[in-house]
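Here's a quick briefing to read alongside the model.

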Amino acid sequence: MMTQQARGNQHDAPSAGGPPIGQLYDVGGRRLWLHRSGAGGPAVVFLAGASAVGLDYLNIHDGISGFTTSVLYDRGGTGWSDPAPLPTAAEVATELRDLLAAAGVPGPYLLVAHSLGGAYARRFAQLFPDQVTGLLLLESFYEDWDSYMPERLQLAGPRHPRIP
C-alpha cells in the first residue's frame, strides 16, 4: 500500500470506520473509494445501480481480476465515498474519469453498468469515447426507456389514480 507521502492524492485505508478494502482518493475536493485487483487490460470498471455500491460486485470482480484489471468504485454520495449532492450524468462520468486517472488505472475501459449505472456509463462513452473499449449494460436505464416499457413503468410522469 502506498502512503499519502508517496502519492499525494491518496488516503491510507482501512482505518477505524474506513473501507475494509480499497483506497480513498481525493478527486475534486471529495474522497472517492476505489478497489482495484488484477493486471492487464482492458480494465473492467463496474458502475453500480442507484441502490447498490461497488462492493456489491465483489464476487464477480474477484473472478475477473484473475485475467485482467478489475475496478470497483463508489461514486460521490454513495458507499464509502464522501457525501455529494445529486449529480448529473456528465458529472458522474467526469468524476469517474478523474478517479481512474488519480488511481493510475489506464484506459480504455470496459464499463459494466447495472441499472442507473447504465446512464452514467453511456454518458462516459459519449464524453470520452477514446477511453471506452466497450459497454456491458445489465438491466440498464437508457434514454428510450418509456418507448418500450408498459405505461405503469414509464418515467415521463407516473399516472396515479386520483385520490378522492
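What follows covers the fold, the cores, the ring pairs and the charged side chains.

This is a predicted model, where local features need pLDDT of at least 70, side-chain atom pairs count only at pLDDT 80 or more, and totals for chains, interfaces and linings use all residues. Residues are numbered from 1 along each chain as its sequence is written, and side-chain values use heavy atoms, with hydrogens and water left out.

**Overall layout**

- The protein chain has 4 helices and 7 strands, taken as DSSP runs numbered from the N terminus (helices are H or I with at least four residues, strands are E with at least two).
- Reading from the N terminus, the order is β-β-β-β-α-β-α-β-α-β-α.
- Of the 164 residues in the protein chain, 39% are buried; here buried means under 20% relative accessible area, exposed over 50%, and partly exposed in between, with a 1.4 Å probe and protein chains only.
- Among contacts with a separation of 6 or more, 60% are between residues 24 or more positions apart (a contact is heavy atoms within 4.5 Å).

**Nonpolar cores**

- The largest nonpolar core holds 26 residues, and those with the most contacts inside it are Leu34, Val45, Leu47, Leu100, Tyr109, Leu111 and Phe124. By definition, such a core is a set of buried Ala, Val, Leu, Ile, Met, Phe, Trp, Tyr and Cys residues joined through side-chain atoms within 4.5 Å.
- At least two residues of this core come from each of strand 2 (23-27), strand 3, strand 4, strand 5, helix 2, strand 6 (109-114) and helix 3 (117-127).
- Helix 2 gives the largest share of this core, with 6 residues.
- Another core, of 10 residues, lies apart from it and includes Leu24, Ile64, Leu72 and Val112.
- Leaving out residues up to four places away in sequence, Tyr109 touches Ala43, Val45, Leu100, Phe124, Gln131, Val132, Thr133 and Gly134.

**Aromatic pairs**

- The count comes to 3 aromatic pairs. Rings of Phe, Tyr and Trp (its six-membered ring) pair if their centres lie within 6.5 Å; planes under 30 degrees apart count as stacked, over 60 as edge-to-face and the rest as tilted.
- Why does the pair of Phe46 and Tyr57 count as stacked? Their ring centres are 5.8 Å apart and their planes sit at 20°, so the pair is stacked.
- This pair links distant parts of the chain, 11 residues apart: Phe46 is in strand 4 (residues 43-47), and Tyr57 is in the loop between strand 4 and helix 1 (58-64).
- Phe46 is buried at 5% relative accessible area, and Tyr57 is buried at 14%.
- Phe124 and Phe128 pair edge-to-face, 5.2 Å centre to centre with 65° between the planes. Both Phe124 and Phe128 are buried.
- Tyr109, Phe124 and Phe128 are linked by ring pairs into a cluster.

**Charged side chains**

- There are 3 salt bridges in the structure, each a side-chain nitrogen of Lys or Arg within 4 Å of a carboxyl oxygen of Asp or Glu.
- Arg30 bridges to Glu95, with the closest N and O atoms 3.2 Å apart. That pair links distant parts of the chain, with Arg30 in strand 3 (residues 30-37) and Glu95 in helix 2 (residues 89-102), 65 residues apart.
- Arg30 is partly exposed at 23% relative accessible area, whereas Glu95 counts as buried at 12%.
- Asp82 and Arg31 meet in a salt bridge at 3.3 Å, N to O. Asp82 sits in the loop between strand 5 (70-74) and helix 2, and Arg31 in strand 3, 51 residues apart.
- Asp82 is buried at 18% relative accessible area, while Arg31 is partly exposed at 32%.
- Arg97 and Asp98 form a salt bridge with the closest N and O atoms 2.9 Å apart; Arg97 is partly exposed at 26%, and Asp98 is partly exposed at 30%.

- Arg75 lies in the loop between strand 5 and helix 2.
- Not counting residues up to four places away in sequence, Arg75 touches Leu32, Ala48, Gly49, Ala50, Ser81, Val92, Glu95, Leu116 and Tyr120.
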